[in-house]
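Please keep the sequence and the structure in view while reading.

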Amino acid sequence: MRVNEKYSTLPAEDRSVHIINICAIEDIGYLPSEGTLLNSLSVDPDAECKHGLYFRDGRRKVDYILVYHPKRPSGSRTLARRVQHSDAAPAARGARQDQPLPGKGSVGAVGSPEPPMDYHEDDKRFRREEYEGNLLEAGLELERDEDTKIHGVGFVKIHAPWNVLCREAEFLKLKMPTKKLYHINETRGLLKKINSVLQKITDPIQPKVAEHRPQTTKRLSYPFSREKQHLFDLSDKDSFFDSKTRSTIVYEILKRTTCTKAKYSMGQGEGRKKDSALLSKRRKCSKYGITSLLANGVYSAAYPLHDGDYEGENVDFNDRKLLYQEWASYGVFYKYQPIDLVRKYFGEKIGLYFAWLGVYTQMLIPASVVGIIVFLYGCATVDDNIPSMEMCDQRHNITMCPLCDKTCSYWKMSSACATARASHLFDNPATVFFSVFMALWAATFMEHWKRKQMRLRYHWDLTGFEEEEDHPRAEYEARVLEKSLRKESKSKEKRRHIPEESTNKWKQRVKTAMAGVKLTDKVKLTWRDRFPAYFTNLVSIVFMIAVTFAIVLGVIIYRISTAAALAMNSSPSVRSNIRVTVTATAVIINLVVIILLDEVYGCIARWLTKIEVPKTEKSFEERLIFKAFLLKFVNSYTPIFYVAFFKGRFVGRPGDYVYIFRSFRMEECAPGGCLMELCIQLSIIMLGKQLIQNNLFEIGIPKMKKFIRYLRLRRQSPSDHDEYVKRKQRYEVDYTLEPFAGLTPEYMEMIIQFGFVTLFVASFPLAPLFALLNNIIEIRLDAKKFITELRRPVAVRAKDIGIWYNILRGVGKLAVIINAFVISFTSDFIPRLVYLYMYSENGTMHGFVNHTLSSFNVSDFQNGTAPNDPLDLGYEVQICRYKDYREPPWSEHKYDISKDFWAVLAARLAFVIVFQNLVMFMSDFVDWVIPDIPKDISQQVHKEKVLMVELFMREEQGKQQLLDTWMEKDRQQDEPCNNHGPKACLDSPEYPGGAL
């Protein structure tokens, strides 16, 4: 066994280092030699100034951190030592696996009594030792630190040397910049002048980072290859692979490094045998590295380090600090995001999220402007709106039927004047135009994002990137193992009943062992294995949707009963504001329930996805997104759907009302329609979710968790807490941050907001404006969270936003249909058109209100439903009016549906069909007209391919010329030998052997 080249055999007095105990060296697996020591072990005082970003030698950078909770081992073999591991020979692997990784730790007390054996903790320790030994064999360099400021926490620092980085970059096919520079095609003529003017105008709002400046040249990129290292600029190997790439490479090694052969010596006894069998089974479940080790608690955390501190006077300048100043600060809310720097620091997947969020926020600007114009149009024309003027005219003296049984009395239509005037702000002809505009806006936004995505893909060298199948998840491997063990036990039972010859027993055992090894490779989870999980998913989702409907029904009952209770109030002011009071309180209840159920549904969706046991992380994420979106979509929009399409549709008529549970009468819309109430409902829920759930929770909960951690640390070391905080290493500071939980919550809140902006925009034209204001804060809030509150995520390569794009397209298509129904069935736009062109005598809207009201004879009230105080208005009422299209009481078919109702219904359905198909066609036309790939990007991609071919052709030509030169020299050397004979050849000085 060869000794690692980092070790030497110089006398101890010649170096200021710690000598390793000979017994400890035997445990490690190295040959014991006198004075064996580690060159770089002496603590460099300057290394402490690097705040844990480097190993103790101050040269090797920490690329990844593994965190565990060290506990004293049950045996007395383990001896903690203050050494560090480097690259080691593969031959030493077997010896390494039976000892813990040496490092900075506490020395075990020699001769102390052996503590009670904790088999599970010992198993975790042995698995860590085996896993870290495998990492050493993979070429990584490790260093342990248990003497930390955080009590009971140990850290393993991981460094990837140059040869490992090169090897893994080639395996991962990472595109790296070559030495070849080429000029990017610039626009010419008028476009160049326009771009120049735009750059000067937008220069004050550009972030002050080098990556954001317009580039005229670009380095040709090519998948890294160790055989073609001469193509790449390797003058500075330390910066060739940036910290994001280094951590990605280390994480790939951590994922594929297995831990399946950890040895565990339990001694004798039945109890120990049972524990040994249990632990052996758990070890087998941990076939794939770090994911299963984290799930089983072998390690408590694994993360890459941040580049350094982001604030402070003496802080070295780094990308994290630059991002904090130019991206995560609220003072730069008006600036563009430094997307390239975000991608450089966090990776492509997170960079794409913030790029998408930036594009979405930019596109909200024109939508907000048009929405404000539509709203102002409604304000400007409210005094010219004839229907609302007729409702407010006291001279019409229209007496309306009671809104509830017994307790409610007759009322004047003019009392709903304010509601009618407010409804016109959102229910006017401009809202139809705005609905069409927003449908086209959604299609344009999707096309614009596709083009932006292609542009980013080119600049980030992802043009040829294809996602490979990920490693199976630990839970999937565990289920496969359980299935294989069941099959194996069944096969053993079958063989037990079959007699076998004694001479073939050994052969049978070998076959059984080989079958057991290959069993997990053959076994897969089928739909039969997952059927209970699928059935549970279906039942649970249906149940959760039913719960949402039940809560909405409960709120409806609350509205009806509260309206009846307020109607009995003696105060005229209370009775006059019944509708506003009931609506506002019901919406607030809905908002609280939505926020609470959102959190519950998120947890339920994760649990339902876990029991399905998806094979890969990508499959897990997509299934989780689908379930969470479905549940949260139903939860957020069900109250709005009720107001938009169901409220006031099934109320019946005076004398024959529809009741819920035979006690509660269905509520009806205001005389001006349900659109105003829909607007109130939409605005309160949208603004409430954004302010409370998105912003307050994102700010308050991390701050609260941070404060709790601060109190815990203060309680642990109250005396020297300030010194403790000052001396913490980088990996200790990052450990106290929140772990990164993925981008699903960030995307989800934006997709739900996108639904509020597009689905019911016909009823609330100001929705894009409120979304824009929220997103301006949201971008900086998310940026600050990623920079200051979260551990640094592992950079993940991605070429698009994945399943979220399909969800966006689906919401955009659904928005066209919903807005068509809102305009035709919720608003009075279609009834007004029908009256204007079919029933109006003078071609104006005069008489429209009277046309939409039906008459009712108060003598037809059912017993117990007539008002208790029929003289509340000061006179006896014979005929009251209600909003519906029915035959009058003096008709032969009194109170039946009139032909006007069917005419309006036909017009509404026709409008839905025409509107939907026209807008869909226009959206598809926009999709067809705008190319997915910008022309300049397609030209640059083609140019890169041509340049790459030319580069390799020149390289081949150079090799051929060099080969021809060598052959020509050999030919010239052979010519004297042929012309003058062998003697001349031997006497020639060019002859390698000279004269004999």
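**A guided reading of the model**

R623 and E612 form a salt bridge, with their closest N and O atoms 2.7 Å apart. The pair links distant parts of the chain, since R623 belongs to helix α21 (residues 617-645) and E612 to helix α20 (residues 578-612), 11 residues apart. R623 has a relative accessibility of 25% and counts as partly exposed, whereas E612 is buried, with a relative accessible area of 5%. As this is a predicted model, these values describe the prediction.

E612 also forms a salt bridge with K627, and here the closest N and O atoms are 2.9 Å apart. E612 lies in helix α20 and K627 in helix α21, so this pair ties together parts that are 15 residues apart in sequence. K627 counts as buried, at 5% relative accessibility. In general, side chains of opposite charge can pair when their charged atoms come close.

The structure holds 40 salt bridges. One of them joins K335 to E326, with the closest N and O atoms 3.4 Å apart; both K335 and E326 are buried. Elsewhere, E447, K450, R809, D927 and D932 are linked in a network of salt bridges.

In an unreviewed UniProt entry, the annotation "transmembrane region" covers residues 353-377, 430-449, 534-560, 580-604, 624-645 and 750-777. How much helix and how much strand does the chain have over residues 534-560? Over that range the chain is 100% helix and 0% strand, and its end C-alpha atoms are 39 Å apart. Residues 624-645 are likewise 100% helix and 0% strand, with end C-alpha atoms 30 Å apart.

The covalent links between cysteines come next. A disulfide is a covalent bond between the sulfur atoms of two cysteines. In this model the count comes to 2 disulfides. One is formed by C392 and C417, whose sulfur atoms are 1.9 Å apart. C392 lies in helix α13 (residues 386-392) and C417 in helix α14 (residues 417-426), so the pair ties together parts that are 25 residues apart in sequence. The link of C392 and C417 is right-handed, with 95 degrees about the S-S bond. C417 is buried, with a relative accessible area of 19%; the value falls under the 20% cut-off for a buried residue.

A disulfide also joins C401 to C880, with an S to S distance of 1.9 Å. This pair links distant parts of the chain: C401 is in the loop between β10 (399-400) and β11 (411-412), and C880 is in strand β17 (residues 879-883), 479 residues apart. The link of C401 and C880 is right-handed, with 90 degrees about the S-S bond. C401 counts as buried at 3% relative accessibility, and C880 counts as buried at 0%. Two further cysteines may be located in the structure: C166 is buried at 2% relative accessibility, and C679 is buried at 4%.

Attention now turns to strand β3. Which residues point one way from β3, and which the other way? Y64, L66 and Y68 point one way, I65 and V67 point the other way, and all are buried. Because 5 of the 5 residues of strand β3 (residues 64-68) are buried, the strand is largely enclosed by the rest of the structure. Strand β3 runs antiparallel to strand β6 (residues 154-159), to which 5 bridges join it; within this pairing, I158 in β6 is the bridge partner of Y64. Strand β3 also runs antiparallel to strand β9 (residues 301-303), with 3 bridges between them, and V67 stands opposite A301 in β9.

The mean pLDDT of the protein is 77, and 79% of its residues reach 70 or more. Confidence is highest in helix α12 (residues 348-381), at a mean of 93, and lowest in strand β2 (residues 37-38), at 30. The pLDDT is below 50 over residues 262-286, a stretch that has 45 contacts in the model beyond near neighbours in sequence. Over residues 513-520 the pLDDT is also below 50, and this stretch has 7 contacts beyond near neighbours in sequence.

How values were computed:
Residues numbered from 1 in each chain as written. Predicted model: local features only at pLDDT ≥ 70, side-chain atom pairs only at ≥ 80, totals over all residues. Heavy atoms only, no water. UniProt positions renumbered as here; feature names shortened; annotations may be inferred. Helix = DSSP H or I, 4+ residues; strand = E, 2+ residues; numbered from the N terminus. Disulfide = S-S within 2.5 Å. Buried < 20%, exposed > 50% of the residue type's maximum accessible area, 1.4 Å probe, protein only. pLDDT = per-residue confidence, 0-100. Contact = heavy atoms within 4.5 Å. Pairing = 2+ DSSP bridges. Salt bridge = Lys/Arg side-chain N within 4 Å of Asp/Glu carboxyl O.
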